[in-house]
Amino acid sequence: MTISAERPTEATAGTASPAGPRSGTSWTNRPGWMSQHLGTAIVLGFLGYLFGHWWGNYLASGYTYIANNGQNGVADFLGLAFMVLGWLLGIGALNYPIMKLFGREAREEAPVPGLSRYFRYTLDHKVVGMQYVVGVLMFLFTGGLLAMAIRTELLNPTVHIFNPGTYIEIVSEHGTIMMMMATSIVVGPLGNYLVPLMIGSRRMAFPRIEAFSFWIFTAGYLVIFSALFYGGFPTGWTGYAPLQNQAGPGMISYLFGFAVIGIGMICAGFNIAVTIVNYRAPGMTWSRVPMFVWSILATASLLTLATPVLFTAGLFGILDHVVLTSFYVNEHGGSSYLWENLFWFFGHPEVYIMALPGFGIVAEIVPVFTRKPLFAYKVAAAGMMGVALLSFFVWQHHLFQSGINPDMRPLFMLTTELISIPTGFIYLVGMGSLYKGKMRLEIPMLFSLALYFNFLIGGITGVFLSDVPVNVTVHGSFFVLSHFHYTIMGGLIFAFMAGLYFWLPKMTGRMMNKKLGLWHFWTMFIFFNLTFFPMFIIGLLGQPRRVFEYAHNLQGLNDFSSISAFCLGASFLLFFWNLMYSMIINPQKAPANPWESLGLEWQTASPVPVYNFERIPVIVTEPYRYSEPGAPAYADFGGGGSGTGSGSGTVGSSVQE
Amino acid sequence: MTDTYKDSLAPNETPEEREYEFRAHIGSLWTGGRLAIGISTFLYASEAFAYFYLRTSNNSHLWRLPGQLAPLYYGWTVLICLLLMSGLAIYGQSRLRKGFTNDFQVTGWTGVAAGLIALFFQCWELVKLPFYPGSSGYSSTFMGFVVMNIMTIVFATFWMETTAARALRMRKELGGTTPELSSAHTARSFRANVSSMTYYMGFVAIVSVMFFLMFYVA
């Protein structure tokens, strides 16, 4: 512990150095609307697109190849690239790098009051977290609408709403938007908002990189969405070559969108990993780090190290389309398998990028609502890191059916089955924490329990799929589709909902309506299972993914699944209504610690001040000492008034407020 | 690695807290620099994977057309410039550690010039290629490498330029021309940033040599 208990209540403020940050405000960060914000980003993004497209046409339209096929990939790519550049310039993400070129430091960020701060490039991790909440919900909503379109088409095997091309465009866009959303849905909103609070830090290590990650994430969303205006892409979210090379300009949106969001993911992971390693409060040894932070650290490591490979894969694809290289063209010395390898080298760790934060959330919630310490804390932490490490060695199981050397199959079957061991540890930690617990079935707890139920189904079918014979049999069928919806939606999205219901009172100071929340939970849980469980059967009966026609005898099951999916969609509308109702229409002030959690994030003032803690807390014990009479409070706040417990406080006293 | 340390974030911050946060900041620069190397390693590793994968596959016997080679003149020029930039960064840091700020500035700006020359030749090489980008696996991976290298050179040169420019503005705080080290927070933060930058430059040098051997020699 480096900050002793004897802390003066007043301190001399640091004198600003001559070369330090300049004070005062420039027009770029002036409060109000006459500065850089979302509006300027949209305008410059649009102008950037026009310029890039014009420039691309100017550069390349004279080439015979382009003149003959009437498709100018250079113009399409430059249009999107300059759109992203204009977007970042407009929001102010490039102000600081430009100032650095002149050896200057940034001006102090002026406090921006009111709502307008949420439309700006800001250094406050809490504002970035809230921006991410809105951003990922926008992703989720868009992807969800596309899912409804898919299920509508599948209501009848022969009467069609869309033509086959449109259908596959919708499927592809749905998959891509959802997968990109899912990689950031916890790390972005909850990771950015909560990690500094949970580790007792006043700030992120690199707040500008954090803000950059959000705004480039939104730019990536626009790029991927733009594919619809370019005629979409026919490859599904996996973008397999050689179909990738035969696709139209929408494919460039897909490839470039992946690369752009990839940059955002790298930045987000980088910043959070560095923050956790360096900014933990005094006394927060690795065995005292909250489990959610462990999960975010494991995820951030994966984001930082696996995503560059996705970026490279996207870069190669863009080069294939724009300057006609042949990375993925077998006939010209390339290989379509190269894409599969690069894509899945990122893609499988991505599965755990999506799974681990979900387990981190429920590991945080379950002890609160069972009033029990987290069972086998160290096993859970080791499990998180074990999964993260092993996830780099399993990607070839996605290629079992794609021409992998048969001798390699047992090896990757083994590694895939191995990864179920640390995953099982994490799962059993949850079960151990529930065992003999006095459960309070509040909404966050219900969503947490639902995760364990759903993930059990998703996880066990995953073990089946790792087995080569089963994999070969059900490859490309609805069985696989159902499996990953059970793990990603049944795991991650349920955990995200648990997290939102649990932490929104802290983030917004308002309680979510319980009655509406219960309706939301039960409809979502029931109709999720009614939507996706039949798909296991549909898959086993042979219906392939991404095909809009199917055998007549499967119509009953498909209709059942579709109608359930509409109800599932309606459950999300209930959630959005609850959000609007509880936050805007009929806001109810949340108590300081409504769930009686011992977590550090609940011990600081509400609303959380810009600097998070009046005094940097000193961590004095393990994080989950619920129901331990006489246990000391988790942290010593030095009498600064931010914490609920004093240095000699007890658990009981620390949860009273 | 470009965020700099702000002395005081919260009102009434105690000296102990300020020191604690400062140490966290220095640690962040250290960790961030190494993590940046990790990110770049995976970027280049995927490029190397593509190179060896396509080379081994040799689909349609088109890994490489007979006599196909990227222009050696440009390759050497870029390599020498990058090695010079890296060497200057390392030398400049050693001088900075001894308090010779002016030496650091000279090496810094010279390194930036070397980086810009490398960038120019790396870009110019693209318009002087003696083969079509899609004529073979080799030509494709070479294009991928060049684009990736351009991004790395831009990043490395930017980082070096910002430290050199910052050193100019901070020359009094850094100790001027006298061989002594300032213990001011901003100066220590600056030196930590330079240290991370130097490590990254070392990485750039290693990668440059490896990929030069792969694309221009092997």
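Axes are lines fitted to C-alpha atoms, for helices over the stretch in contact, and the angles between them run from 0 to 180 degrees between N-to-C directions. The structure is a predicted model, in which local features need pLDDT of at least 70 and side-chain atom pairs count only at pLDDT 80 or more, while totals for chains, interfaces and linings use all residues. Residues are numbered from 1 along each chain as its sequence is written, and chains are lettered from A and ligands numbered from 1 in the order in which they are written.

In chain A, helix α7 (residues 187–198) packs with helix α10 (residues 250–278) at an angle of about 20°, their axes lying 11 Å apart; helices here are DSSP runs of H or I with at least four residues, numbered from the N terminus. That angle makes α7(A) roughly parallel to α10(A), a term used for angles under 35 degrees. The contact (C-beta atoms, placed from the backbone, within 7 Å) is made by Val187(A), Gly188(A), Gly191(A), Val195(A) and Pro196(A) of α7(A), together with Ala268(A), Ile272(A), Thr275(A) and Ile276(A) of α10(A).

Chain B has 5 helices and 0 strands, a strand being a DSSP run of E with at least two residues, and its C-alpha atoms fill a box of roughly 70 × 30 × 20 Å, taken along the principal axes. Of the 218 residues of chain B, 50% count as buried, that is, with 20 or more other C-beta atoms, placed from the backbone, within 10 Å of their own. Among the contacts in chain B with a separation of 6 or more, 81% are accounted for by residues 24 or more positions apart.

Key: A residue is buried if 20 or more other C-beta atoms lie within 10 Å of its own, exposed if 12 or fewer, and partly exposed in between; C-beta atoms are placed from the backbone. Two residues are in contact if their C-beta atoms, placed from the backbone, lie within 7 Å. Angles under 35 degrees count as roughly parallel, over 145 as roughly antiparallel, 65 to 115 as roughly perpendicular and the rest as oblique.
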